[in-house]
Amino acid sequence: MELPGNIVVLEDPEDVAHAAADRFADLAAAAITAHGRFGIALAGGSTPQRTYELLSSEDYRNRVVWSRVHVFFGDERCVPPEDLESNYRMANRAMFSRLPIPAQNIHRMIGEGDPAASARLYEDELQSFFEGVSWPRFDLVFLGMGDDGHTASLFPGTIALKEERAWVVANWVEKFKTFRITLSAPAINHAAHILFLVTGESKARRLAEVMRGPRDPARLPSQAIRPVDGSLEWLVDKAAATYL
């Protein structure tokens, strides 16, 4: 069976990271030329960290006009920004601290405090940035996929998967006994470009199920990602693509 055209299989995680960094740089240049700025929603977790490190390296940093880049987050754990679990902390150490991105262009999801209030605050910030529209229009959203098929902090069986109006949700994740703050699926789906990064053999069976199996987003939230008017691409390594 042939792979769908939006799945790119690369040799290993390093190749995936380089391909993602190239997509970032190329899309940033196009967006800045087209409308003067580039709005990106970053993924957390371990898979995209290498991409962020590459973007701050000499090979990539001069390909992007960083003063025109606005960085948002797809989700955040309910922890302070210095916590080891913080998506912001990871991105800051790997990327922000090494690049000339203006501080006001880094839009952190507040993980500490009341999750519902933080979600409302982040939605207000997004509505101010994407003024006068029904849904945000990110130029690019990076996503990962967990072993259980979750993406961002849209976990199987959680209430956020039913959200049809809010851009940002405080989502209770029973398996971790905690809230996560996350973009809703519709907010992601209105992006111009969505890019999944998936690596490792531990993701292989679930990836095949997401791509080939029956549609069941409540159980496989990554299936809920379907762009309304944009592109969807999967960058995967050979190990993750074992069963495709």
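Two residues are in contact when they have heavy atoms within 4.5 Å of each other. This is a predicted model, in which local features need pLDDT of at least 70 and side-chain atom pairs count only at pLDDT 80 or more, while totals for chains, interfaces and linings use all residues. Residues are numbered from 1 along each chain as its sequence is written, and side-chain values use heavy atoms, with hydrogens and water left out.

**Stop 1: Asn 189**

Select Asn 189, in helix H6 (residues 185-189); helices are DSSP runs of H or I with at least four residues, strands are runs of E with at least two, and both are numbered from the N terminus. Asn 189 has a relative accessible area of 8%, so it is buried (under 20%; exposed is over 50%, partly exposed in between, with a 1.4 Å probe and protein chains only). Residues up to four places away in sequence aside, Asn 189 touches Ile 194, Ala 224, Ile 225, Arg 226, Pro 227, Val 228 and Asp 229. Now show the backbone nitrogen of Arg 226: a polar atom of the Asn 189 side chain lies 2.7 Å from it.

**Stop 2: the second largest pocket**

A pocket is an open set of points on a 1 Å grid over the protein atoms alone, where a 1.4 Å probe fits, with protein on both sides within 12 Å along at least five of seven lines; lining residues have an atom within 4 Å of a point. The second largest pocket holds about 170 Å³ of space.

**Stop 3: the nonpolar core**

Trp 234 also belongs to the largest nonpolar core, where it is among the residues with the most contacts, along with Phe 24, Phe 38, Phe 96 and Phe 142. Helix H1 (residues 13-35) supplies the largest share of this core, eleven residues. A nonpolar core is a set of buried Ala, Val, Leu, Ile, Met, Phe, Trp, Tyr and Cys residues joined through side-chain atoms within 4.5 Å. Select Phe 38 next: beyond four places in sequence, its contacts include Phe 24, Leu 27 and Ala 28.

**Stop 4: the largest pocket**

Finish at the largest pocket, with a volume of about 410 Å³. Select Gly 44, Gly 45, Arg 77, Gly 146 and His 150, the closest to its centre of the 27 lining residues. Strand S5 gives the most to this lining, three residues.

How values were computed
Points joined across faces, edges and corners; volume = space filled by probe spheres on them. Polar contact = N/O pair within 3.5 Å; in protein donor to acceptor, adjacent residues only side chain to side chain.
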